[in-house]
2 protein chains.
Amino acid sequence: MMGKPGPDRSSQGVASNVAPGPLSGLRILELGHFVAAPFCTRLLADIGAEVIKIEPLSGDPVRNWGEQLDGQSLWWSVHARNKKSVALNLKSSAAIEIVLDIARACDVLAENFRPGHLARLGLADEVLRAANPNLVIAHISGFGQTGPYRDRAAFGVIGEAMGGLRYLTNHEQESSATPPVRTGISIGDSLAGLYAAFGILAELWQREHSPGRRPVGRVDVALTEAVLSLMEGMLPEYGALGKIRRPSGSRIPTAAPSSAYRSADGKWIVIAANSDALFLTFMRLIGKPELANDPRYATNPARVENVDSLDRIIEAWTSTLVSEALVAMLSEVGIPCTRIYDASDCSSDVQFAARGMVREIVDPLLGSVLHPGIVPYHPESPGDVRWPGPALGQHTDEVLGELLKLSPAEISELRGQGAIS
Amino acid sequence: MMGKPGPDRSSQGVASNVAPGPLSGLRILELGHFVAAPFCTRLLADIGAEVIKIEPLSGDPVRNWGEQLDGQSLWWSVHARNKKSVALNLKSSAAIEIVLDIARACDVLAENFRPGHLARLGLADEVLRAANPNLVIAHISGFGQTGPYRDRAAFGVIGEAMGGLRYLTNHEQESSATPPVRTGISIGDSLAGLYAAFGILAELWQREHSPGRRPVGRVDVALTEAVLSLMEGMLPEYGALGKIRRPSGSRIPTAAPSSAYRSADGKWIVIAANSDALFLTFMRLIGKPELANDPRYATNPARVENVDSLDRIIEAWTSTLVSEALVAMLSEVGIPCTRIYDASDCSSDVQFAARGMVREIVDPLLGSVLHPGIVPYHPESPGDVRWPGPALGQHTDEVLGELLKLSPAEISELRGQGAIS
């Protein structure tokens, strides 16, 4: 089944050989698995880069993650879209030579093995750099390529917890009551992937603008650090004042009213009326304009001080109206608000549809599949979903034949040795 | 007070005129306020770009956000670091001419006003493009520059709620029990800023590699879309199976054990032992190796099915040990784990210290301030904190004099007219 389709949903899906998008012409070698490096290369491929993904003969584990349809992962259709899958046995020296040959033809290598793993396989940075002095090498790992924790295992949840984000995703309370929740996605991994994609393009800019000024550089992204870098005033406020930033539930600790309020139909509505002008508009809407002049609520500091009573007044109003009416009334007067969207809401939103941000893709392995669109949107050169996540080794012959100029007999021999599949 | 300093914390802080980092030589004009566009340009400035930030004569509102020291925002020290502040009154036509002159000398413009606002000021894309045909223009907004919601106001909380993230940051429960929490930061804004920084560099790559093939492009990032793009299998799983991804509290819905467990000293410890090998190691550590062969727990699907009883067994063990001992014992045997870090823990972590990720900066407005380090880390060309967030208009004279070659008399006249400050 398809859920209810949005009225203007873009229809896409026919694979094309022309890569649209600003990175058209850029070639990337991915030695990634799980989330972080593959997410990095999805972003690059979405806006036009050619990504050659090396997979072990057993495939990237994400092929088996999440909900399946006919034994195929639905997440994979998005996570590996626009990439070429080359299946290699990296324990074979012939396969390592193939990786080096591909690296010679690429601008970038992105990987997220445990630090030192590629070196043990014969693919140390120096070896890769000797093969291709212009190769930008991007490493993604839990803690970075240096330092006392470099060899520790990490997952997204560890990066989120050490970077300071997880501590805050909780209700306002004593710390021992209930555990802070996950954000619901592996956001430490995706943040690291985003930072790596940014760092890769920065190195490429340097390569073009200062040729010869220094060797082409590397990028070394840690999950923990990707998270820490977003933490706003957390570090300076602690350092100067000893203040530890605390979880604040569904509210913003320094602005009110801004929270999630219950509607009559049991939905949660985010309302952000936390400027004096918006607050006055809001109080007029709910028929209590006098509260905008009430000393308990007239200014943001006063509203923050009295947020419990204020939020009770607001919820007494929201709980009498269904979510659709609430959003319509609030939007009409310009107050930022929304129902908290679940998957169904996202898929039927008219704005996402109008911008191609929810689209149907024909997946040869799965049939019609809903994909998120291409972000960031480049109006003059939007990327596209050229094809969904490929079958394992789908592009082995193409890459070895067309890019590395191996003959069919040579490819057959490698396959016979178990070096490729 | 300073909190407890980490043993190897890097000491930095002297402003330098040489911009280190891979983007050295790139010049950016920021017409931003609040979080998204200023976060985008912080990332670019951190790795070497020159950022000229235009502020109204009243200053960016973030100058007054969060905790203050002597009337100065601590967050500002980080948020505006490495940028030049030029204070202009954009209602003055002379100030608009100055913006256009700066745009002529820049590679990039980044802005996050409501769509259409700059055009009303006389700074429409076509006007900017006429002034500088090679200018990459990056727009950040709540919903994007097109579509039925383009004119709606939005904040980070709206982007997070409509992109599908907020729905998931909750405990596993009936949807009407307690509201989903914020992540604790304006993550919708910072994600949009990250995507914009990535998109800007992609356009610059295109500009260098396909000169004349098409006009230099724009980037159009929506908060909602930046969030939606991270949502893993949410859309395809809904489209194909009608499955709505639900919040799962502190657990991962498809892998066990992976959650936050209470320690004897009342801390939360994240433990991720969700592979068969890690689970066996873990059960040996807690003295229950037989559970690794117990049909209720032997495989990941069985552990997910019986996660309530499994988590009770684990917490019966963790609650007998203090957090420091737990982390030491688990790390010793290679099980990914950590105490959930608050600001104090982040600031004293030895790995962050070893990698320069927590550093003291001398801020002329604030004294010694803790800053997060530069992410992504480029080992051959790391960026630096050249200076902390500047005073309002600190660089007005420098930019107008050195870059635009205005004479002191001309600058004085503009100041007399109220066009600059």
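1. Domain bounds, as used here, come from an automatic or database domain assignment. On that basis chain A is divided into domain 1, which is made of the two segments 10-232 and 364-416, and domain 2, which covers 268-339; the C-alpha centres of domain 1 of chain A and domain 2 of chain A lie 44 Å apart. The model is a predicted one, and the points that follow should be read with that in mind.

2. In chain A, six strands make up an open sheet with parallel pairing, and their order is β6-β3-β2-β7-β8-β9. The edges are taken by β6 (83-87) and β9 (218-222) of chain A, each of which has a single partner strand, so that one side of each is left without a neighbour in the sheet. From one strand to the next, the twist of this sheet averages 20°.

3. How many residues of strand β2 of chain A are buried? Four of the five residues in this strand, which spans 27-31, are buried, and the strand is accordingly described as mostly covered. β2(A) pairs in the parallel sense with strand β3 (residues 50-55) of chain A over four bridges, and within that pairing A:V51 of β3(A) is the bridge partner of A:I28.

4. A second sheet can be described in chain B, where three strands form an open sheet in the order β10-β11-β12 with antiparallel pairing. Its edge strands are β10 (258-262) and β12 (337-339) of chain B, each of which pairs on one side only, and the twist averages 20° from one strand to the next. β10(B) and strand β11 (residues 268-272) of chain B run antiparallel and are joined by five bridges, with B:R262 standing opposite B:W268 of β11(B).

5. Which helices lie against this sheet of chain B? Helix α12 (residues 307-318) of chain B packs on the sheet and touches β10 and β11 of chain B, its direction making about 40° with that of β10(B). Helix α13 (residues 323-332) of chain B lies across β11 and β12 of chain B and runs at about 165° to β12(B).

6. As for the two copies, chain B is superposed on chain A by a rotation of 180° with 0.0 Å of shift along its axis, at an RMSD of 0.0 Å, and that is the relation of a two-fold axis. The same surface serves both copies, since 100% of the contact residues of chain B recur in chain A. Among the residues of chain B, B:F198 comes closest to the rotation axis, with its C-alpha at 2.4 Å.

Notes
Residues are numbered from 1 along each chain as its sequence is written. Chains are lettered from A and ligands numbered from 1 in the order in which they are written. This is a predicted model: local features need pLDDT of at least 70, side-chain atom pairs count only at pLDDT 80 or more; totals for chains, interfaces and linings use all residues. Copies are superposed by least squares on the C-alpha atoms of residues with pLDDT of at least 70 in both. Two residues are in contact if their C-beta atoms, placed from the backbone, lie within 7 Å. A residue is buried if 20 or more other C-beta atoms lie within 10 Å of its own, exposed if 12 or fewer, and partly exposed in between; C-beta atoms are placed from the backbone. Helices (H or I, at least four residues) and strands (E, at least two) are DSSP runs, numbered from the N terminus. Two strands pair if DSSP finds at least two bridges between them. Axes are lines fitted to C-alpha atoms, for helices over the stretch in contact, and angles run from 0 to 180 degrees between N-to-C directions.
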